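Me: I've got a model open and want to walk through how its parts pack. Can we take it piece by piece?
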Amino acid sequence: MTTPEATTGAAAAEPRHGLRIFLIWLPLAIIVDLIVWFVWYPHFPPGRMTDQAQGQQFDIAVMTVLSVPVLLFIWVYFAYALIVWRRRPGDEEDATPIHGNTRIQATWITTTAVIVLGLFVFGTVQLIVPAGAGAGEGPSPIWKPHVNQLLKVQVIGQQWAFTYRFPQFGGIETTHLELPIGEEVQFNVTSLDVIHSFWAYQLGVKADANPGVNNVAFAKPQQIGDFTVRCNELCGLWHGAMFNTGKVVSPVSFMAWANGIRDRETRAGVLITLPAYSLTYDPTQITSLGNTLKKVLGITGSPGYYYSPANPVQP
Amino acid sequence: MAIETTPGADQTQPAGGGPTEPGRPRPWWMRPAVHTGLIGAVIGYLFGHWMGNALSPDFSPGGSNYAAALANNFDMPLVLGYVFGTVGWLAGLGVFNDLGRLMLGKPLPDIEHAPEGGLAKYFRYTLDHKVVGIQYLFGMIVYFLTGGLFAMAIRTELLNPTNHIMSSSSYLMVVGEHSTMMMMMMSSVVLGPFGQYFAPLMIGSKRMAFPRLEALGFWLTPPAYVILVSGVLLGGFPTGWTGYAPLSIQSTPGMDTYAMAFGLMGISMILAGFNIIVTYINYRAPGMRWSRLPMFVWSMFTVSFLQVLSVPVLVAGLYMMLMDRAWQTAFFVNQLGGSSYLWQNVFWFFGHPEVYILALPGFGVVAEILPVFCRKPLFAYKVGVAGMFGVALLSWFVWQHHLFVSGINPDMRPLYMLTTELISIPTGFIYLVALGTLWKAKIKFEVPMLFALGMYFNFLIGGVTGVYLSDVPADTTEHGSFFVMGHFHYTIMGGLIFAFFGGIYYWVPKMLGVELNKTLGKIHFWTMFIFFNSTFLPMFFLGMAGMPRRVFEYAKNLQPLNVWASISAYLLAVSMIIFLVNFIWSTLFVRKRAASNPWNARGLEWQVPTPVPPENFEHIPVVLSGPYEYGVKDAPPMADLNPPVGVVAAAYAGAGVEA
Amino acid sequence: MSVPVRVVTLLVAFALVVVGAVFVVAHFVLSNPPTVDYTGAAHNGQVNVVLQEDPQNNSASKPIWVSYYVMKPGANPNSQSSWVHTTLFSVPPNTRVNLTIRGYDGCTPLRNNFWSQVQGTLGNVVALQQFQDTGKSVGPVKVTSIVNSWSGCNVGHTFAIPSLGVFVPVASPNAYNNGNKAGLCGSSPCVSGPFSLESFSFMTPDHTGEFRWQCFVPCGGGYVDGNGGPMQTIGYMTGQMNVVSS
């Protein structure tokens with residue numbers, strides 16, 4: 001920050017305000033930035049449980065380190081201005097008219113543009129590197145982890161609970177999510193009715209669940225622990241109560257858990273009653289019901305009969 | 001169009017003294033005003049309700065169209081009732097009277113006839129833009145405080161994550177009412193009271209281009225307000241102000257109140273914006289070059305373009321929502337070929353310019369206040385104007401940042417990250433202008449200046465957190481959480497509402513002719529500033545800690561921060577009460593006459609006497625210099641209010657000279 | 001206007017606003033259906049709670065909505081006055097709740113057949129018996145861990161407390177299969193008509209709190225996806241189990 005030329009040729013005893021502001025701002029900015037990076041950064045959300053969460057934590061730290069000097073500069077300048085340039089009692093004169101200063105304006109515009117464009121490049125890189133950074137990428141994700149094998153978990157949002165299906169375990173469905181550490185997980189998020197959003201906070205994953213759409217997100221757990229899953233898109237009455245928990249466990253534990261559920265659901269006869277695993281579901285078409293579907297037609301039913309059954313699906 | 005110079009025949013009745021005697025105006029209760037509007041509204045509602053019932057198929061259990069009947073049985077009477085109720089309200093107010101006169105070939109009454117004193121004109125369809133401005137001022141204060149009451153209910157519910165004082169559906173109703181009331185109404189909170197009142201004054205015009213559209217724009221706001229609040233009687237709507245489908249299609253009839261109210265307010269916004277654009281282009285006084293326009297005028301001008309171009313998209317989306325709800329179309333429902341994404345995109349294509357409709361007027365007001373209390377010209381005026389245009393233009397290209405995690409095409413996200421980051425450059429220009437104006441100034445800490453400084457402080461935090469949200473990886477955690485809540489409350493309430501109050505303290509001496517108490521004003525500022533920050537700063541941390549929006553249950557360890565925010569919110573409400581006390585006390589009881597230029601400002605609106613004469617200026621002024629030439633030696637006054645005869649005519653004869 | 005007139009106008013306006021706000025809050029924001037208190041009926045760490053679900057209800061505003069009813073503790077289920085039209089009930093903490101549900105409503109396929117599986121009850125089973133409209137039972141009590149909504153006309157509604165992991169499908173009365181002459185119960189609260197009697201038990205946690213419960217069968221007829229209307233209105237197909245200290 002350079003000192004602007006005095007445009008009115010004021011008295012030489014005028015203190016160099018710009019330099020003063022700079023000298024107050026610089027040490028403050030450096031100290032706070034150091035505190036942010038070394039003390040606060042390790043505790044930043046969303047934590048380090050997955051590669052994606054670590055990436056997000058790094059992003060937030062970088063942005064904080066950049067925004068602290070900006071905030072401090074404006075605050076220091078304002079405080080300085082309000083103290084030093086307040087009107088003294090009895091002074092009814094106008095101040096020196098300064099209409100503009102091309103150098104200052106150009107410096108400002110360039111600096112802000114550089115910061116902003118730098119953040120854009122940084123953000124884009126950070127989006128690609130941790131395989132999409134945990135965000136939902138839609139049905140055709142372009143930033144995927146480069147592995148041969150990943151664990152596929154389908155997250156089904158419905159009013160008002162999340163359930164999870166594991167196609168690699170026979171299509172079992174559970175209400176509680178467990179994941180193995182160290183393995184890339186692909187979340188296929190979809191909904192059966194309205195828009196929900198799968199937010200696994202500690203995993204750094206957030207993907208909206210839209211009906212009829214498969215929204216893909218990736219995460220690779222790196223720490224054992226618990227995580228919470230909350231619905232993040234207002235979905236009706238119990239949106240606020242739509243949460244469950246999950247755990248990241250060792251691969252051995254995970255296999256035991258998943259196979260245990262598969263056994264239990266097979267024995268209870270639930271597994272065969274579930275629809276075939278698919279990336280999206282249309283609950284109005286229940287093929288397994290066949291002829292029985294006609295019998296159970298009535299005013300209620302999973303389509304709700306909002307639309308008359310006689311309406312054509314396509315015009 | 002014949003403009004008579006005597007009151008029209010149907011405005012008066014014969015005085016009994018013969019045909020040459022001027023008529024007396026009819027008694028107040030016989031002239032169209034709010035009371036006739038109410039009667040019209042009731043009649044219209046009853047008619048519409050009956051018509052909706054007649055159009056809805058009967059439902060008898062077991063009938064062949066039982067399903068269809070169930071689905072739309074309740075929506076049509078309500079929607080048609082509201083539509084005809086609004087038409088009846090407007091008809092009762094006399095909005096269509098001039099249209100009727102034109103169609104019947106009768107002469108129109110003179111819109112510049114002798115003013116009437118008293119308060120009655122504020123309850124009528126009055127065509128004087130100053131009356132409309134004051135109507136807006138009182139209306140906006142009422143709407144703001146109603147929205148604030150709903151906010152108090154929200155914060156009360158959030159005091160405890162597991163013990164609830166209201167049911168979950170009541171909570172969602174309250175959330176929806178608060179958010180829609182604020183987002184809907186506050187779009188006009190500066191443009192209405194100050195834009196309408198001061199637009200002609202600041203450019204040296206005697207009137208607005210379309211006075212009837214302007215008054216109509218105001219009189220659409222009471223039905224919007226009443227319809228929205230009536231949602232409470234129907235159980236409210238569960239979608240919040242964003243109205244996401246298919247939940248909105250699934251909802252009970254309270255959802256229709258949202259669509260109707262927002263649609264009416266949208267029409268009001270379109271009319272107001274259109275009026276301002278035409279007025280600013282065509283009604284500037286001679287000498288009022290574009291480079292001499294006050295910053296407030298520029299902000300109103302850019303905002304009006306945003307309104308005129310973006311709000312029709314909202315109205316179209318709401319219309320589609322009503323069609324889906326009342327007539328079983330499938331715009332937004334996947335089962336029959338619609339898409340839940342369609343609503344999201346249509347809504348946010350409007351929704352993002354909408355938030356700049358909210359932010360830009362705030363920039364304009366504080367840029368207007370700052371030079372007056374710094375006694376310096378505005379620094380880098382052209383950069384400031386470029387900033388406003390930059391924000392307005394870029395606001396069209398960023399809307400997908402609300403949809404980063406929703407499953408949109410992933411290629412699009414870096415593009416929208418870029419455009420959203422870019423928008424901070426023109427926003428930064430506003431700060432460049434502020435910092436430069438403060439440099440070597442002589443700062444006077446009057447109440448309007450305090451609010452302007454508060455606005456800059458708050459908007460900085462809001463703007464910087466916006467950059468956090470624009471970064472897609474970080475947005476994965478922040479989207480839809482209380483971080484976003486903190487961000488937009490800082491920009492909208494911390495920015496716009498602080499500017500609104502600054503504008504009130506600055507301009508009410510001119511508008512209402514009374515001074516507001518300075519001590520109470522300063523107490524209001526400090527309590528509002530401290531408790532505003534205390535309420536919303538914790539929200540960033542709550543969001544980062546994993547609390548989503550619009551939830552009535554949250555993790556137990558987040559309770560202390562929530563309690564802190566709730567108590568601060570109650571104290572923030574107390575600061576609003578202080579404002580109300582100041583406002584009512586000063587305008588109703590103390591009534592200390594304000595000087596016509598209490599701040600010693602150069603602006604054209606301060607050169608007219610208080611109270612402002614009905615025609616604003618006796619003669620069209622000739623503008624001689626810009627409004628910010630403080631401290632410039634031998635600067636001419638801003639305008640010559642009594643130009644020599646022939647100057648104005650010459651100016652108009654040399655067409656195209658003063659662009 | 002003179003000062004006294006202004007003062008009076010101001011006070012009247014203020015009073016109107018306050019009265020209006022209080023009225024809105026009391027009637028619309030804070031209003032709730034009644035809570036049936038079962039804390040007094042608990043003995044030896046157990047409490048018996050009885051609910052029923054009907055194809056219609058006896059409210060004035062929405063009579064065609066399906067609805068649950070809660071029985072007053074210890075009352076006679078065959079009398080209409082024993083049933084309260086609400087979905088809120090309170091039980092003590094650390095207690096075994098023996099929940100009995102009388103299903104009077106017909107069948108609807110689940111939107112997600114996963115909820116056919118009984119989860120979260122003691123033994124992960126329910127005891128199920130069907131009754132004719134005459135009150136005679138059809139067959140013995142069946143203890144089962146699944147009531148498959150997609151293999152026949154089997155499931156009427158469900159009862160689920162997601163935060164406690166309780167998910168229970170409630171069987172429908174198989175109205176047309178069991179030799180019933182008349183159809184389903186036609187007037188609520190139902191005391192006649194065929195019904196299915198389902199019992200299961202679960203433990204309440206040891207801390208107090210409000211636990212929402214809901215049905216996972218989309219039975220809101222005339223609403224998109226069947227999940228609107230009664231599904232989202234407390235007092236019909238969704239409610240709260242309040243665990244309170246007795």
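Me: How many residues of domain 1 of chain B are in contact with domain 2 of chain B?
Reply: 17 residues of domain 1 of chain B touch 19 residues of domain 2 of chain B. Keep in mind that this is a predicted model.

Me: Which helix of chain B gives the largest share of that domain 1 side?
Reply: Helix H3 of chain B, residues 75-93. H3(B) supplies 9 residues of the side of domain 1 that touches domain 2.

Me: And by class, what is on that domain 1 side of chain B?
Reply: The side of domain 1 of chain B that touches domain 2 has 11 nonpolar, 2 polar and 4 charged residues.

Me: Where are the bounds of the two domains in chain B?
Reply: Domain 1 of chain B covers 30-57 + 72-109 + 119-125. Domain 2 of chain B runs over 126-590. Their C-alpha centres lie 29 Å apart.

Me: Now chain A. How is chain A divided into domains?
Reply: Domain 1 of chain A is 17-86 + 104-129, and domain 2 of chain A is 151-273. The C-alpha centres of these two domains of chain A are separated by 37 Å.

Me: What's the strand order in the open sheet of chain A?
Reply: E4-E10-E9-E6-E7. That is 5 strands in chain A, with mixed pairing.

Me: Which are the edge strands?
Reply: Strand E4 (177-180) and strand E7 (205-209) of chain A. Each pairs on one side only. From one strand to the next, the twist averages 20°.

Me: Do E4(A) and E10(A) pair in the parallel or antiparallel sense, and over how many bridges?
Reply: Parallel, over 4 bridges. Strand E10 of chain A spans residues 243-249. In this pair, Leu177(A) stands opposite Gly246(A) of E10(A).

Me: Which helix packs on that sheet?
Reply: Helix H4 of chain A, residues 251-267. H4(A) touches E4 and E10 of chain A. The direction of H4(A) makes about 140° with that of E4(A).

Me: Back to chain B, on to helix pairs. At what angle do H5(B) and H7(B) pack?
Reply: About 165°, with their axes 7 Å apart. H5(B) is residues 129-157, and H7(B) is residues 191-203. Angles over 145 degrees count as roughly antiparallel, so H5(B) and H7(B) are roughly antiparallel to each other.

Me: Is the crossing of H5(B) and H7(B) left-handed or right-handed?
Reply: H5(B) passes H7(B) in a left-handed crossing.

Me: Which residues of H5(B) and H7(B) meet?
Reply: From H5(B): His129(B), Lys130(B), Val132(B), Gly133(B), Tyr136(B), Leu137(B) and Met140(B). From H7(B): Gly192(B), Pro193(B), Gln196(B), Tyr197(B) and Pro200(B). By class, the contact of H5(B) with H7(B) has 7 nonpolar, 4 polar and 1 charged residues.

Me: What about H6(B) and H11(B)? What are their angle and axis distance?
Reply: H6(B), residues 168-185, and H11(B), residues 254-282, pack at about 15°, with axes 10 Å apart. That angle makes H6(B) roughly parallel to H11(B). The crossing of H6(B) and H11(B) is right-handed.

Me: And which residues meet there?
Reply: Gly176(B), Thr180(B), Met184(B) and Met185(B) in H6(B) meet Tyr258(B), Ala261(B), Phe262(B) and Met265(B) in H11(B). That contact of H6(B) with H11(B) has 6 nonpolar, 2 polar and no charged residues.

Me: Now the contact between chains B and A. How many residues does each chain put in?
Reply: Chain B gives 80 residues, and chain A gives 81 residues.

Me: Which helix gives the most to the chain B side?
Reply: H16(B), with 8 residues. By class, the side of chain B that touches chain A has 47 nonpolar, 22 polar and 11 charged residues.

Me: Last one, chain C. How many helices and strands are in chain C?
Reply: 1 helix and 13 strands. The C-alpha atoms of chain C fill a box of roughly 85 × 40 × 35 Å along the principal axes.

Notes
Residues are numbered from 1 along each chain as its sequence is written. Chains are lettered from A and ligands numbered from 1 in the order in which they are written. This is a predicted model: local features need pLDDT of at least 70, side-chain atom pairs count only at pLDDT 80 or more; totals for chains, interfaces and linings use all residues. Axes are lines fitted to C-alpha atoms, for helices over the stretch in contact, and angles run from 0 to 180 degrees between N-to-C directions. Helices (H or I, at least four residues) and strands (E, at least two) are DSSP runs, numbered from the N terminus. Angles under 35 degrees count as roughly parallel, over 145 as roughly antiparallel, 65 to 115 as roughly perpendicular and the rest as oblique. A crossing is left-handed if the near helix is turned anticlockwise from the far one by less than a right angle, and right-handed if clockwise. Two residues are in contact if their C-beta atoms, placed from the backbone, lie within 7 Å. Ala, Val, Leu, Ile, Met, Phe, Trp, Tyr, Cys and Pro count as nonpolar, Asp, Glu, Lys and Arg as charged, and the others, Gly among them, as polar. Two strands pair if DSSP finds at least two bridges between them. Domain bounds come from an automatic or database domain assignment.
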